[in-house]
Amino acid sequence: MTKSQTALSYYHDSLGLPPPPALLSAVSPIYKSQNVRIFLLDNSNRMNATDSTLMKASDNFTKIDKKDGVSRWAELSQCVEFHTKMAARCGIPTQFRLVNTELPLADAAASVPSKFAICWNESNDKDVINDEFDAVRSNMESVNLDKRCNPMARELRKIISYLQGVAETLRKKEEFVSVIICTHGVPTDEEGKTGTDVTKDFIDSIQGA
């Protein structure tokens, strides 16, 4: 079994769902060719809306309970926690970027960075990974959802700029980057305005990738 297959098998075993060999063979090439994952997180005030759901599986995965009426941010935070655990257990470099940059607080140590990550530097040190895991959770719990703007196009272009810088390396290694957009669905400009032009700019930013 290859190193990547061992990591994937360990992760599935930890979930209580040991995968058959055929599944490992199918997933392993994708796992090996994925360079990093970048999550773009909408932290506008519309993420306060309480129209979402949290899921909780029983220990043996025979039953899944759900809790309705939670905020969109709570649902997204649960998703982020799942993928943070996956990153930690499988060694997948994963970065989270906030659409709205957090302004520094009077206590700089209490401010939430606009970008935070786990396994980004491909460290195998368990203490480092545990600290990064705790930092992701703390940041998600501390984000302010008080801004009405959701300038997705602006932030997507920042990601594209990063990707352009590593594109040649990715091509040589035959690897790819996954960019996951997490949003309530309505992009705005930097002043919080919506409309046809704003939507077109958002679509153009995606196509520019």
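**View 1. Asp 65 is partly exposed, at 40% relative accessibility.** The structure is a predicted model, in which local features need pLDDT of at least 70 and side-chain atom pairs count only at pLDDT 80 or more, while totals for chains, interfaces and linings use all residues. Residues are numbered from 1 along each chain as its sequence is written, and side-chain values use heavy atoms, leaving out hydrogens and water. A residue is called buried under 20% relative accessible area, exposed over 50%, and partly exposed in between (1.4 Å probe, protein chains only). Asp 65 forms a salt bridge with Lys 63, and the closest N and O atoms of the two are 3.7 Å apart. The term salt bridge stands for a side-chain nitrogen of Lys or Arg within 4 Å of a carboxyl oxygen of Asp or Glu. Side chains of opposite charge can pair when their charged atoms come close. By this rule the structure has 13 salt bridges.

**View 2. A salt bridge joins Glu 81 to Arg 137, with 2.4 Å from N to O.** The two partners belong to distant parts of the chain, 56 residues apart: Glu 81 lies in helix α3 and Arg 137 in helix α4 (residues 126-142). Helices (H or I, at least four residues) and strands (E, at least two) are DSSP runs, numbered from the N terminus. Both side chains are partly exposed: Glu 81 has a relative accessible area of 25%, and Arg 137 has 35%.

**View 3. Helix α3 has 19 residues, and its end C-alpha atoms are 27 Å apart.** The expected span is 1.5 Å times one less than the number of residues, which gives 27 Å here, so the model and the expectation agree. The buried residues of α3 include Trp 73, Leu 76, Val 80, Met 86 and Cys 90. After α3 comes Gly 91, with a positive phi near 65 degrees.

**View 4. Thr 84 sits in helix α3, which covers residues 72-90.** Leaving aside residues up to four places away in sequence, Thr 84 touches Phe 96, Ile 118, Phe 133 and Val 136. Touching, or contact, means heavy atoms within 4.5 Å.

**View 5. Cys 182 is buried, at 11% relative accessibility.** A disulfide is a covalent bond between the sulfur atoms of two cysteines. In the model, the term covers a pair of cysteine sulfur atoms within 2.5 Å. A search of the whole structure finds 0 disulfides. Another cysteine, Cys 149, is also buried, at 14% relative accessibility.

**View 6. Val 179, Ile 181 and Ile 206 make a nonpolar surface patch of about 200 Å².** Patches are built from residues with over 30% relative accessible area and no salt bridge; like charges are joined within 9 Å, and nonpolar side chains (Val, Leu, Ile, Met, Phe, Trp, Tyr) within 5 Å. Accessible areas come from the Shrake-Rupley method with a 1.4 Å probe; for residues, only the protein chains shown count as cover. Val 179 belongs to strand β6 (residues 176-182) and is partly exposed, at 34% relative accessibility.

**View 7. Cys 119 and Glu 174 each have a positive phi without being glycine.** Most residues other than glycine have a negative phi. For Cys 119 the value is about 60 degrees, and for Glu 174 it is near 55 degrees. Cys 119 lies in the loop between β5 (115-118) and α4, whereas Glu 174 lies in the loop between α5 (152-173) and β6. Are they buried or exposed? Cys 119 is buried, at 4% relative accessibility, and Glu 174 is exposed, at 68%.

**View 8. Lys 173 and Glu 175 form a salt bridge, their closest N and O atoms being 3.7 Å apart.** Lys 173 is partly exposed, with a relative accessible area of 47%.
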